[in-house]
Amino acid sequence: MLRLNSSNVAADGTFTIQTDALTAGQVVQVKIIATNGTFTKESATAEMTVAAANRTTPLENYNVAEPVVDPVKEGDKAVTGSVTFTKPIPEGTNFTAVVTLPNGIQVRVPVDENGQFAARVDGLKAGDRIIVQILAENDGYQKASVPVDILVSASDLGNPGGNGNGNGNNGNGSGNNGTGDGTGTGNNGSGLGNGQLGGSGNGQLGGHGPGTLKPLTISSKTLHQTNSRQGTNGQHLPQTGEKATSVWSWLGMLFLTAALFIKHLVPIKRDK
């Protein structure tokens, strides 16, 4: 029980009594004493218990700014963004970026002093939606920003290989059966293109952009021999300067066989 000092009562009946710091649970008694000359008269005693003070959150009047989130694409490994802090910031306040994934899992990462954040993610697909918020924390109290809804867009890696201009792949030569290999290169890949003699063009297999074929070098002697060896129905003809020994050998054997055969059929007359 605490006995308070007296204080003058104002004309409107109000009064204020200075005390030391009161604590929850203390009992306070108050009574009014009227004085007139040497006579006094007391009122009934009013008793009350000191109640616990309402705790005030340091974030009660603080506005947590919403984040600005960078575009998120399919296959991205992180969600990045920033926030501009509302000033002044209550002393002792920390900020956290909270990313809620399509499956409900929350990824929490600290926001640095410049307002930047990066949350690791995995398995995002085009059409998925994620939610990003900034959470302020101070002395056990929390306050969140307005949530930002993000739609995951398709990856911009481009179409798979085979989009290069391929006029040089499998080009037809002008009557020539020789073939050559050209290597095509593109912006994001390379491939091999087979073109026959006389074929030309730009192209690649498995690339993402225009490619080039390396020139195929054929000597004039090789071309001359290739053209000379082709004849009607693809038969091989002897060339100028080639040795014909094998041909004459076969002809000689043929004549010799014929002679033996004729000798066998026609008996040789002997002189008596």
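# Close-up views of a predicted model

**View 1. The side chains of N138 and T93 are joined by a polar contact of 2.8 Å.** A polar contact is a pair of N or O atoms within 3.5 Å; within protein, one must be able to donate a hydrogen and the other to accept it, and residues adjacent in sequence count only if both atoms are side-chain atoms. This is a predicted model: local features need pLDDT of at least 70, side-chain atom pairs count only at pLDDT 80 or more, and totals for chains, interfaces and linings use all residues. Residues are numbered from 1 along each chain as its sequence is written, and side-chain values use heavy atoms, with hydrogens and water left out. N138 belongs to strand β10 (residues 129-138); strands (E, at least two residues) and helices (H or I, at least four) are DSSP runs, numbered from the N terminus. Is N138 buried or exposed? N138 counts as buried because its relative accessibility is 7%, where buried means under 20% relative accessible area, exposed over 50%, and partly exposed in between (1.4 Å probe, protein chains only). Leaving aside residues up to four places away in sequence, N138 touches P58, L59, P90, E91, G92 and T93 (contact: heavy atoms within 4.5 Å).

**View 2. K31 and E42 meet through their side chains in a salt bridge (2.6 Å, N to O).** K31 lies in the loop between β1 and β2 and E42 in strand β3 (residues 39-42), so this pair ties together parts that are 11 residues apart in sequence. A salt bridge here is a side-chain nitrogen of Lys or Arg within 4 Å of a carboxyl oxygen of Asp or Glu, and by this rule the count comes to three. K31 is partly exposed, at 30% relative accessible area, and E42 is also partly exposed, at 47%.

**View 3. β2 and β3 run antiparallel and are joined by four bridges.** Two strands pair if DSSP finds at least two bridges between them. Across from E42 in β3 stands I33. The hairpin of β2 and β3 has two residues between the strands, and G37 takes a positive phi near 65° there.

**View 4. D122 and K77 form a salt bridge between their side chains (2.8 Å, N to O).** The two residues are 45 residues apart, with D122 in the loop between β9 and β10 and K77 in the loop between β5 and β6. D122 counts as exposed because its relative accessibility is 58%.

**View 5. An open sheet of three strands has the order β5-β6-β9, with antiparallel pairing.** β5 (68-69) and β9 (116-120) stand at the edges with a single partner strand each, so one side of each has no neighbour in the sheet. Five bridges pair strand β6 (residues 78-82) with β9 in the antiparallel sense, and V79 stands opposite A119 in β9.

**View 6. D149 and R129 meet in a side-chain salt bridge (3.3 Å, N to O).** This pair links distant parts of the chain, 20 residues apart: D149 is in strand β12 (residues 148-151) and R129 in strand β10. D149 is partly exposed, with a relative accessible area of 47%, and R129 is partly exposed at 47%.
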